[in-house]
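Visitor: Before we discuss anything, could I have the sequence and the model in view? I would then like to go through them by question and answer.

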Amino acid sequence: MLSWFLYKEGKSFLVIDDGNEHSASKSAAGIINPVTGRRYVSTWMIDEVMPFAVNTYNEMGTHLHSNFVFQKNIIDFFPSPQMRDAFVTRITEDDTYVHSYPDQNKFNRHFNYDFGCGEVSPVYTISQQLLLASWRKKLSTINSLLEEKFNIEELDVEKKGLRYQNILAQKIIFCDGISSMNNPWFNLLPFSANKGEALIIKSDELTIEYIFKKGMMLCPLPVQNTFWVGSNYLWEFKDDQPSEQFYDQCTSLLKHWLKVPFKVLFHKAAVRPATVERRPFVGFHPKNNNIGILNGMGTKGSSLAPFFANQLAQNLVYGFPISDEANIFRFSRILSK
Ligand SMILES: Cc1cc2nc3c(=O)[nH]c(=O)nc-3n(C[C@H](O)[C@H](O)[C@H](O)COP(=O)(O)OP(=O)(O)OC[C@H]3O[C@@H](n4cnc5c(N)ncnc54)[C@H](O)[C@@H]3O)c2cc1C
């Protein structure tokens, strides 16, 4: 995202990325869901970040002759009468994103649900695999991609700039997800790693019109008849690998929920770069303003990353400010230790 905005500004940059197939971005459904929690409250800054994100993905699609963003509203099957009541209460308080669904029996042929359903809209899903592959290809063609592991021990921090192997640069910005937890410049930031898993399933009878939710999300993917199902949120975990426990939990849920056959194709797992106070980490190190970070997107990378990547690019190019709530300046004391 950052490289997209720097590219638009005509700035020179090099992306160093080892192309990890198990990164958070490649495991995610790419859903931009404007509400959260048991009370369906609007997510942080959604009125600003969602339109900005959709516009950015559309612009990238036009530039790369593809389509990365699709509106897929959520049909939320209430797991209990209490959750149905919470949804109805929310509609009376603020119906910007939550709406009653008129045809309560419409999904009976495909799903088991006992307590009715509501609609969350607008909701979008981003084809992240396709987007990342397309942008990577573009970066290669403009000689702006170095596909290898970055080794921080080889970074020479000089007064006027930075040297990495034979590369000289004014700035370095770490956008390396969970790896930043081990970066000597940023390991004091309050990260809070969160593991998530998902299954990719095939089902020939399910509609691709909506994202469906009951305990987990079932989200249509661009490959025909395939769906992403997830996720869980683990604050404590022993590794970043797919677990038998999630597989059993997810397949059991699907067997009770779906009335149509399905087949599991893949099982994914990754660690989200989440933060203790659920706000991103954006900006430059207080001890060296040539070293920056764009991270901490947590569970909301698809909506937050475009907005804050643009803020960081605008800060770099024009000196425009970064939002106080996201700027790592708020951790100056910790980072100056
Ligand atoms: C199961 C799951 C489901 C999710 N679903 C959603 C969702 O529906 N909607 C949503 O908004 N968010 C979702 N998220 C969260 C979202 O995926 C993250 O917020 C986002 O992907 C974080 O992006 P990132 O670029 O910061 O990190 P990453 O995607 O982890 O990218 C980091 C990159 O840095 C590279 N890298 C790291 N270290 C090095 C190194 N030393 N050298 C070279 N390269 C390196 C990696 O290869 C990788 O390409 C989900 C996450 C998970 C795990």
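Visitor: In what order do the three strands of the open sheet run?

Guide: This is a predicted model, in which local features need pLDDT of at least 70 and side-chain atom pairs count only at pLDDT 80 or more, while totals for chains, interfaces and linings use all residues. Residues are numbered from 1 along each chain as its sequence is written, and side-chain values use heavy atoms, with hydrogens and water left out. Strands here are DSSP runs (E, at least two residues), as helices are (H or I, at least four), numbered from the N terminus, and two strands pair if DSSP finds at least two bridges between them. The pairing in this open sheet is antiparallel, and the order is β2-β9-β5.

Visitor: Which residue of β9 is the bridge partner of Phe70?

Guide: β5 and β9 pair in the antiparallel sense, over three bridges. For Phe70, the bridge partner in β9 is Thr125.

Visitor: Which element gives the largest share of the shell around the ligand?

Guide: The elements that give two or more residues to this shell are α2 (24-27), β15 (194-202), β19 (263-272) and α7 (301-318). The largest share, three residues, comes from α2.

Visitor: What is the volume of the second largest pocket?

Guide: A pocket is an open set of points on a 1 Å grid over the protein atoms alone, where a 1.4 Å probe fits, with protein on both sides within 12 Å along at least five of seven lines, and lining residues have an atom within 4 Å of a point. The second largest pocket is lined by 26 residues, with Ser127, Leu221, Pro222, Val223 and Thr226 nearest its centre. Its volume, the space filled by probe spheres set on points joined across faces, edges and corners, is about 500 Å³.
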